[in-house]
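Welcome! Have a look at the sequence and the model below, and then we will walk through them together.

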Amino acid sequence: LHRLEQLDDDERILGINIVGGDHRLKNYSSILTVHPEMIEGRAGTMVIESFVVDVPQGNTKDETCYFVEALIKCNLKSLACVSERLAAQDITNPIAATTF
């Protein structure tokens with residue numbers, strides 16, 4: 001269960017806490033920031049996520065960081081795939097305006 005702690009569209013900041021569930025991430029808090037970047041001469045985006053989490057009993061700090069960093073990498077890869085797919089769709093096939 002996640003709780004939104006901070007959302008600033010202008011500054012491109014998202015902050016969350018994980019407040020429940022059956023997992024190893026006790027007292028997990030994360031700040032995600034998005035920064036426009038030039039990558040190989042093309043407009044791109046750099047995403048930075050910083051986190052704080054309690055080290056579970058029976059684990060080391062390094063083990064906990066490795067676990068969280070692997071989870072973050074997986075989430076960022078998914079975000080990149082979705083973003084690239086949407087960018088390609090926007091360039092080659094603009095989405096028609098839809099009225100709801």
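Where is the place of arginine 12? Arginine 12 is in the loop between β1 and β2.

## About the model

This is a predicted model, in which local features need pLDDT of at least 70 and side-chain atom pairs count only at pLDDT 80 or more, while totals for chains, interfaces and linings use all residues. Residues are numbered from 1 along each chain as its sequence is written, and side-chain values use heavy atoms, with hydrogens and water left out.

Let us begin with the strands (DSSP runs of E with at least two residues, numbered from the N terminus). Strand β1 covers residues 2–8 and strand β2 covers residues 13–18, and the two pair in the antiparallel sense over six bridges. Strands count as paired if DSSP finds at least two bridges between them. Histidine 2 stands opposite isoleucine 18 in β2, and leucine 4 has isoleucine 16 in β2 as its bridge partner.

Together, β1 and β2 form a hairpin with four residues between them. Arginine 12 sits in this turn, and its phi is near 60°, a positive value in a residue other than glycine. With 44% relative accessibility, arginine 12 counts as partly exposed, a class that lies between buried (under 20% relative accessible area) and exposed (over 50%), using a 1.4 Å probe and protein chains only.

Leucine 14 lies in strand β2 and stands opposite leucine 32 in β3. Leucine 14 is partly exposed because its relative accessibility is 32%. Leu4, Leu7 and Leu14 form a nonpolar patch on the surface, with about 280 Å² of accessible area together. Such a patch joins nonpolar side chains (Val, Leu, Ile, Met, Phe, Trp, Tyr) within 5 Å, from residues with over 30% relative accessible area and no salt bridge. The areas come from the Shrake-Rupley method with a 1.4 Å probe, and for residues only the protein chains shown count as cover.

Threonine 33 lies in strand β3, which spans residues 28–39. Threonine 33 is buried because its relative accessible area is 17%. Its side chain is joined to that of histidine 35 by a polar contact of 2.8 Å. A polar contact is a pair of N or O atoms within 3.5 Å; within protein, one must be able to donate a hydrogen and the other to accept it, and residues adjacent in sequence count only if both atoms are side-chain atoms. Not counting residues up to four places away in sequence, threonine 33 touches Arg12, Ile13, Met46, Val47 and Ile48, where contact means heavy atoms within 4.5 Å.

## One salt bridge

How many salt bridges does the structure hold? The structure holds one. Arginine 3 forms a salt bridge with glutamate 5, and the closest N and O atoms are 2.4 Å apart. The term stands for a side-chain nitrogen of Lys or Arg within 4 Å of a carboxyl oxygen of Asp or Glu. Side chains of opposite charge can pair when their charged atoms come close.

Arginine 3 is partly exposed, at 42% relative accessible area, and glutamate 5 is partly exposed, at 42%.

## Two loop residues

Is leucine 25 buried or exposed? Leucine 25 counts as buried because its relative accessibility is 6%. This residue is found in the loop between β2 and β3. Leaving aside neighbours within four places in sequence, leucine 25 is in contact with Ile18, Val53, Phe67, Val68 and Leu71.

Glutamate 40 lies in the loop between β3 and β4 (42–52). Glutamate 40 is exposed, with a relative accessible area of 82%.

Note on methods
Patches are made of residues with over 30% relative accessible area and no salt bridge: like charges are joined within 9 Å, nonpolar side chains (Val, Leu, Ile, Met, Phe, Trp, Tyr) within 5 Å.
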